[in-house]
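Thanks for making the time this morning. I would like to walk you through the aromatic side chains of one model and what surrounds them.

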Amino acid sequence: MFQSSNALIRNVHSQVADRVGISIVRGDVGAGETLPSEMQICEMMDVSRTVVREVIRTLTGKGLVESRPKSGTRVRPPQKWNQLDPDVLRWRLETADMDDYLAKLFQLRCAVEPAAAALAASRAEEEDIALIRTGYEGMASAKLDEQFVAADITFHKAIYFATRNEFFWPIAQMFDITLRQSFTIAARGSHRARALVEHHAVLEAIATRNEEGAREATNVLLKNSADDLVRIRGREFTARPKG
């Protein structure tokens, strides 16, 4: 319990929060179960009680635990966690089965991203379109996979922000963590030329205020992206959009 194989290089609070958070997300302490007492955690991790209390406050703020007098600190059901919190996303990524994780990610993108692109086509300001175009141009000029992935993330994040709807923005903000993994896998494929054509179609539909064109171009892009991951990983994704 509370063990981690990764090198912990952040401050003590972050290290302890990571170790306890990962243990909860991994299921070492199940929903409704009580964490060890403050003193036990202090002894297990060789840290002060002040650090442990601050960690518990942090995990409470993320929705993972709740503390009650005389009943200790209990783990809350996953449905009550702040699943879009950057740390929770990172802990999910570190503990998840990768194929299951990618399938869930595509389920979210297929449900939301075509609508976001259509909304961006109707509401984007010029600076929004310029940022989407910057992402595309970065992909087109990228020499290294890392550069291509960074530009690809910029492109997709910019679409969500271009909706001018703040309820879409948290999805964009989580992309640096969640999409980097799938984009990095996909960048190893030989489909970059086709992907650039598909991204350009999305860009032009948004820039010309073609809502249905943006929706359809995004559907095509997502379907082919899922197919690329299937080919690269050799696994079927239940979340692949139907063509």
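Trp-169 is partly exposed, with a relative accessible area of 31%, and Phe-161 is likewise partly exposed, at 27%; here buried means under 20% relative accessible area, exposed over 50%, and partly exposed in between, using a 1.4 Å probe and protein chains only. Please keep in mind that this is a predicted model, in which local features need pLDDT of at least 70 and side-chain atom pairs count only at pLDDT 80 or more, while totals for chains, interfaces and linings use all residues. Residues are numbered from 1 along each chain as its sequence is written, and side-chain values use heavy atoms, with hydrogens and water left out.

Phe-161 and Trp-169 form a tilted aromatic pair, 6.2 Å centre to centre with 55° between the planes. For pairing, the ring centres of Phe, Tyr and Trp (its six-membered ring) must lie within 6.5 Å, and planes under 30 degrees apart count as stacked, over 60 as edge-to-face and the rest as tilted.

How many aromatic pairs does a search of the whole structure find? It finds three, and one of them, Tyr-160 with Phe-175, is edge-to-face at 5.1 Å centre to centre and 85° between the planes. Tyr-160 lies in helix H7 (residues 145-161) and Phe-175 in helix H8 (residues 169-186), so this pair ties together parts that are 15 residues apart in sequence; helices are DSSP runs of H or I with at least four residues, numbered from the N terminus. Tyr-160 is buried, with a relative accessible area of 0%, and Phe-175 is buried with a value of 0%. Ring pairs also link Tyr-160 and Phe-175 with Phe-168 into a cluster.

Let me turn to the loop between H7 and H8, where Thr-163 has its place. Thr-163 is buried, with a relative accessible area of 0%, and a polar atom of its side chain lies 2.6 Å from the backbone oxygen of Tyr-160. Leaving aside residues up to four places away in sequence, Thr-163 touches Ala-116, Leu-119, Ala-120, Arg-123, Phe-168 and Trp-169, where contact means heavy atoms within 4.5 Å.

Finally, there are charges over rings, counted if NZ of Lys or CZ of Arg is within 6 Å of the ring centre and within 35 degrees of the ring normal. The charged end of Arg-192 sits 4.1 Å from the centre of the Phe-148 ring, over that ring, and Arg-109 lies over the face of Phe-106, at 5.7 Å from the ring centre.

Key. Helices (H or I, at least four residues) and strands (E, at least two) are DSSP runs, numbered from the N terminus. A polar contact is a pair of N or O atoms within 3.5 Å; within protein, one must be able to donate a hydrogen and the other to accept it, and residues adjacent in sequence count only if both atoms are side-chain atoms.
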